[in-house]
Amino acid sequence: MKIALLDDDPIQLETMAATVHGMGYRAVLFSRAQALISALRKDTFDFLIVDWNLPDRSGLEVLAWARTNLRPPPPMLLVTSRAEDEDIVAGLNAGADDYLPKPLSPPVLTARISALMRRAYAQPSAPGAEVHGDTVFHASAGAVTRDGQTVVLTAKEFGLAQLLFRNLHRALSRTYILETVWGNEPNLNSRSLDMHISRIRTKLNLRPEQGFRLTPIYSYGYRLERVGAVDDAVAAISDMSKAEETSE
């Protein structure tokens, strides 16, 4: 998991970074709102921790930007010295999923992050097996079962496919995918990700006629979508619109 931390106070940033690292997550630090927004345009983050008062723009603007432009937005925690009821309401209305007053307590921060992570991201169904609808990942065997058929994958193919299914309908940046699946491999070929995407698309038959669409996002990365889920959502919106027109 990759967490963005935004605060212009270096001591607060160090406290948050130490907490995040202690949980086993990666922390990326920002001291200006615009720097985080620019990073969000290029990269994927699983969680945002945002301070309210910043030198260039309000943290509330960052939350609102993320809520509007990221689909789906990651969990977002607002941290601030403001603790009045109206401040809490304003923060939540701006897009925060939770609110934590300063000074920060590392144990409380850990608990809030864990709670929001559990709410936002699916947990493995059982040790060694992870179920995503009709697709089952068997970690011990490095294999995936789809529609009753078992497909054996290489370690990198397995990690890539698992990452995509865990983030269904979410755009993932190339940087995020490479960091998560490949780690820090200095000699990694820049085309390696594209070749692995092509292989798992073929091996797992991730095509629209089979219920999935694995598509590149120009200058960003890739997204895996369940076609039926998207079509059902569009149909539902259309039906609601027709019903409203009829009632009028």
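Author: The model is predicted, so local features need pLDDT of at least 70 and side-chain atom pairs count only at pLDDT 80 or more, while totals for chains, interfaces and linings use all residues. Residues are numbered from 1 along each chain as its sequence is written, and side-chain values use heavy atoms, with hydrogens and water left out.

Reader: What makes up the secondary structure of the protein?

Author: The protein has nine helices and twelve strands. Helices (H or I, at least four residues) and strands (E, at least two) are DSSP runs, numbered from the N terminus.

Reader: How many of the 248 residues are buried, as a percentage?

Author: Buried residues come to 42% of the 248. The term means under 20% relative accessible area, with exposed over 50% and partly exposed in between (1.4 Å probe, protein chains only).

Reader: Why are α1 and α5 called oblique to each other?

Author: The axes of α1 (residues 10–22) and α5 (residues 106–120) come within 10 Å and cross at roughly 55°. Axes are lines fitted to C-alpha atoms, for helices over the stretch in contact, and angles run from 0 to 180 degrees between N-to-C directions. Angles under 35 degrees count as roughly parallel, over 145 as roughly antiparallel, 65 to 115 as roughly perpendicular and the rest as oblique. The pair α1 and α5 is therefore oblique.

Reader: Which residues of α1 and α5 meet?

Author: From α1 they are Thr15, Met16, Thr19 and Val20, and from α5 Pro106, Leu109, Thr110 and Ile113. Contact means heavy atoms within 4.5 Å. By class, the α1 contact with α5 has five nonpolar, three polar and no charged residues. Here Ala, Val, Leu, Ile, Met, Phe, Trp, Tyr, Cys and Pro count as nonpolar, Asp, Glu, Lys and Arg as charged, and the others, Gly among them, as polar.

Reader: Why are α6 and α7 also given as oblique to each other?

Author: Helix α6 (residues 155–166) and helix α7 (residues 174–181) have axes that come within 10 Å and cross at roughly 130°. That angle falls among the rest, so α6 and α7 are oblique to each other. Their contact is made by Lys156, Gly159, Leu160 and Leu163 of α6 with Tyr176, Ile177, Thr180 and Val181 of α7. By class, this α6 and α7 contact has five nonpolar, two polar and one charged residues.

Reader: What makes β2 and β5 edge strands?

Author: The open sheet of five strands has the order β2-β1-β3-β4-β5, with parallel pairing. Strands β2 (26–30) and β5 (98–101) each pair on one side only. Two strands pair if DSSP finds at least two bridges between them. Five bridges join β1 (residues 2–6) to β2, and Ile3 stands opposite Ala27 in β2.

Reader: How many bridges join β10 to β12?

Author: Two bridges join β10 to strand β12 (residues 221–226), and these strands run antiparallel. That number meets the requirement of at least two, so β10 and β12 pair. Leu172 stands opposite Tyr222 in β12. The open sheet of three strands has the order β10-β12-β11.
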